[in-house]
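Hi everyone, thanks for making time. Let me put the model up on the screen, and then I'll walk you through a few things in it.

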Amino acid sequence: MSCSCIAEVVGWAVLVIFTAKTVYNLIHFAYTTFLGRLLGRGIDLKTCGPWAVVTGATDGIGKSFAKELAAAGLNVVLVSRTSAKLKAVADEIKNEYSSIQVKTIAVDFTDGQKIYVTLKEELSKLQIGILINNVGMLNGFGRRFGNVEDDKSIHDIINCNILSMARMCHMVLPQMIKRQNGVIVNIGSLSSAMPTPLLTIYGATKAFVEKFSRDLAAEVKSLGVTVQTVHPGYVATNMASHMKPSLLSPDPNTFAAATLRTLGLEQRTAGYWTHKIQLHFTDLANFFIPRPLLERGVLKHMEELAKSIKKASKSR
Ligand SMILES: NC(=O)c1ccc[n+]([C@@H]2O[C@H](COP(=O)([O-])OP(=O)(O)OC[C@H]3O[C@@H](n4cnc5c(N)ncnc54)[C@H](OP(=O)(O)O)[C@@H]3O)[C@@H](O)[C@H]2O)c1
């Protein structure tokens, strides 16, 4: 076979593989975003168990998850830092869904080990069908890691974003495995899938969520427990206070509802459809763009974003 003939065969093979993969991705996107639920696939939340636990449940995405779960008929345990906000959200849910039981546990996830004694004591009394590890904090945005002045903030973010998830999973897994039924949703971030200089420690905590959740999912799948990893892009909450609700940064209610519709259909998801597209192109960028180029581009973007946020907050 001549060289031009070999080149032609390779060219066609690449085209066929690329087309097949693109078609597969489009079908997968349509199935996990719209069709799956229409066809009655995915997990019926009510079959998981009577109680759902949501961490970071008094605001933003966590509060929206709690309300969605209550709307689906589950009793909810709200776990967060501020007692007054916990009471307000519990009252809001009870007023809206009178048959739903709501429990609140006030803990600060930056407190390390001791809070897990309280949590274990409270949660061991309940049959937990769903755990949503949503709590997360972001600090030092736009600052170089070496310039972080507050040493404690480094412990805090690791305790809140990493330790909380691992300890909460460890706490509920035995009862879920015993019943061969249960769902754990771990909230990561799109930042775990791309370089995030100037957001280094936050991005790294979310990379832990990705690795931990995927391996845990593989470990417990055959034992009847589903573990899902969610990587949101921007959601218009206090954490992303510079974002207004839009197609690219949905409000938390829209985001939580869309994410719950993907349960049982996708292990790793970005939840909301525009974020799924962003995650897909981020994965592609990681594959096609040389890492140093990607890092330089993101660093420049982060520097500009940090400047514009600083400017906007000064003018407020
Ligand atoms: N918003 C986004 O654009 C975005 C993007 C990607 C990923 N995420 C992830 O999504 C999750 C939720 O984010 P969000 O935007 O909804 O955040 P948010 O609006 O800031 O709400 C955070 C919630 O967590 C609680 N919380 C914070 N620190 C806590 C601590 N140390 N101990 C106990 N509770 C604590 C807060 O309670 P208090 O009010 O009482 O402090 C609040 O209920 C996080 O894991 C975040 O990393 C968000």
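F288 is exposed, at a relative accessible area of 56%, and F287 is exposed as well, at 67%. For the cut-offs, exposed means over 50% relative accessible area, buried means under 20%, and partly exposed is in between, with a 1.4 Å probe and protein chains only. A quick word on the source: this is a predicted model, where local features need pLDDT of at least 70, side-chain atom pairs count only at pLDDT 80 or more, and totals for chains, interfaces and linings use all residues. Residues are numbered from 1 along each chain as its sequence is written, and side-chain values use heavy atoms, leaving out hydrogens and water.

Now, how many aromatic pairs does a search of the whole structure find? It finds 5. Here, rings of Phe, Tyr and Trp (its six-membered ring) pair if their centres lie within 6.5 Å; planes under 30 degrees apart are stacked, over 60 edge-to-face, and the rest tilted. F109 and Y116 make another pair, which is tilted because the planes meet at 45°, with the ring centres 6.3 Å apart. Both F109 and Y116 are buried.

F109 also takes us to the ligand: one of its backbone N or O atoms lies 2.9 Å from a ligand nitrogen atom. From the side chains, a polar atom of T82 sits 2.4 Å from an oxygen atom of the ligand, and a polar atom of T58 sits 2.6 Å from an oxygen atom of the ligand. The protein covers 93% of the 900 Å² of accessible area that the ligand has on its own; these areas come from the Shrake-Rupley method with a 1.4 Å probe.

Who surrounds the ligand? There are 31 residues, and the closest are T58, R81, T82, K85 and T237; to count, a residue needs a heavy atom within 4 Å. By class, the shell has 13 nonpolar, 13 polar and 5 charged residues.

Last stop, the cysteines. How many disulfides does the structure hold? The number is 0, where a disulfide is a pair of cysteine sulfur atoms within 2.5 Å. The sulfur of C48 is 15 Å from the closest cysteine sulfur, in C169, so that is too far for a bond. C160 has its closest cysteine sulfur in C169 as well, 14 Å away, again too far for a bond. C48 counts as buried at 2% relative accessibility, and C160 counts as buried at 5%.

Conventions. A polar contact is a pair of N or O atoms within 3.5 Å; within protein, one must be able to donate a hydrogen and the other to accept it, and residues adjacent in sequence count only if both atoms are side-chain atoms. Ala, Val, Leu, Ile, Met, Phe, Trp, Tyr, Cys and Pro count as nonpolar, Asp, Glu, Lys and Arg as charged, and the others, Gly among them, as polar.
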